[in-house]
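Here's a quick briefing to read with the model open in your viewer.

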Amino acid sequence: MKLTWLGHSCVLLEGSRTVLIDPFVPDGKISCTPDIVAVTHAHADHLGCAIDLGVKTVAMNELAHYLEKKGLEAEPMNIGGTITVDGVEFTMTAAVHSSWIEDAGIGVYGGAAAGFLITMDGVTVYHAGDTALFGDMKLIGRIYNPDIALLPIGGRYTMGPREAMIAADFVGAPVVIPIHYNTSPKIAQDAGEFKRVIERTTDLKVIVLNPGESYESA
């Protein structure tokens, strides 16, 4: 599997299918055409251009029904559930965060925020979504044994580096990739220091990508 970080929380997975997670980038330009989109929650910096992409979208039940009203083919699910879409397995996990569809007026409730375990071609990627640290990340590691963990480190709206280091240990994925940082000054972080501390104290490998850079699983 080839994994490309497009910026913020937007990640492209390329294998037998092309899966785009949280299709928002700061400059608003996403040039790929995925087979499947997965959205962790309804905030605009995660829902992004999902409606404009117009492809099958996996999302929390309430958000999926909203997307269906917008003309998308949506696959609704909820925390703890697993579905297979075009040969790709999606398991929805909890995330400690909020979710709000920022539509006309004051907006509407978007269902709970979530994360995803996505398995394709024998590789499992854990995208934590926007979340605080929580103890059940240990169960995610124990039950699903992800190969790669995508963890937010920005702070303010999600866990910061200190908490994400514990999350990496809880999840136990051998490869950790930081996301959701340096999009704006409010979530500025030193991913290099995050990498140094984790690799000095654990056997985990941290891959720090610049937007547009890729990592290929072995």
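Which elements do the buried residues of α5 pack against? They pack against β12 (123-127), α4 (137-144), β13 (148-152), β14 (175-179) and α6 (191-201). Before going further, note that this is a predicted model: local features need pLDDT of at least 70, side-chain atom pairs count only at pLDDT 80 or more, and totals for chains, interfaces and linings use all residues. Residues are numbered from 1 along each chain as its sequence is written, and side-chain values use heavy atoms, with hydrogens and water left out.

**The chain as a whole**

- You'll find six helices and 16 strands in the protein chain; these are DSSP runs, with helices being H or I of at least four residues and strands E of at least two, numbered from the N terminus.
- Laid along its principal axes, the C-alpha trace spans about 50 × 35 × 35 Å.
- Of the 218 residues, 53% are buried (buried means under 20% relative accessible area, exposed over 50%, partly exposed in between, with a 1.4 Å probe and protein chains only).
- Take the contacts between residues at least 6 apart in sequence: 52% of them join residues at least 24 apart. A contact here means heavy atoms within 4.5 Å.
- The accessible surface is about 9,400 Å², and carbon and sulfur atoms account for 49% of it; the areas come from the Shrake-Rupley method with a 1.4 Å probe, and for residues only the protein chains shown count as cover.
- On the charge side, there are 15 positive and 26 negative side chains, with the centres of the two sets 5 Å apart. Lys and Arg count as positive, Asp and Glu as negative, while His and the chain ends are not counted; each charge is placed at NZ of Lys, CZ of Arg, CG of Asp or CD of Glu.

- Helix α5 (residues 161-171) buries Pro 161, Ala 164, Ala 167, Ala 168, Phe 170 and Val 171. Seen down the axis, these fall within an arc of 165 degrees, so they line one face of α5 (the arc is that of the directions from the helix axis to the C-beta atoms).
- Gly 172 follows α5 and has a positive phi, near 75 degrees.
- In α6, the buried residues are Ala 191, Phe 194, Val 197 and Ile 198. Their arc around the axis is only 125 degrees, which puts them on the same side of α6.
- Those buried α6 residues pack against α5, β14 and β15.
- Helix α3 (residues 61-69) has Leu 63, Ala 64, Tyr 66 and Leu 67 buried. They cover an arc of only 160 degrees, so they too sit on the same side of their helix.
- Partners for the buried residues of α3 are α1 (44-47), α2 (50-53), β5 (56-60), β6 (74-77) and β9 (100-101).
- Just after α3 comes Gly 71, with a positive phi of about 100 degrees.

- Most residues other than glycine have a negative phi, which is the background for the next two.
- Asp 86 has a positive phi near 50 degrees and belongs to the loop between β7 (82-85) and β8 (88-94). At 36% relative accessibility, Asp 86 is partly exposed.
- Leaving aside neighbours within four places in sequence, Asp 86 is in contact with Arg 17, Ile 36 and Lys 56. Asp 35 is 51 residues away in sequence, yet its C-alpha is 8.7 Å from that of Asp 86.
- His 180 isn't a glycine either, but its phi is positive at about 55 degrees. His 180 is in the loop between β14 and α6, and at 1% relative accessibility it counts as buried.

- Lys 205 is in strand β15 (residues 205-206) and is partly exposed, with a relative accessible area of 44%.
- Beyond its neighbours within four places in sequence, Lys 205 is in contact with Pro 174, Val 175, Val 176 and Glu 199. Val 175 is 30 residues away in sequence, with 4.9 Å between the two C-alpha atoms.
- Ser 31 is in the loop between β3 (18-21) and β4 (36-38), where it counts as exposed at 78% relative accessibility.
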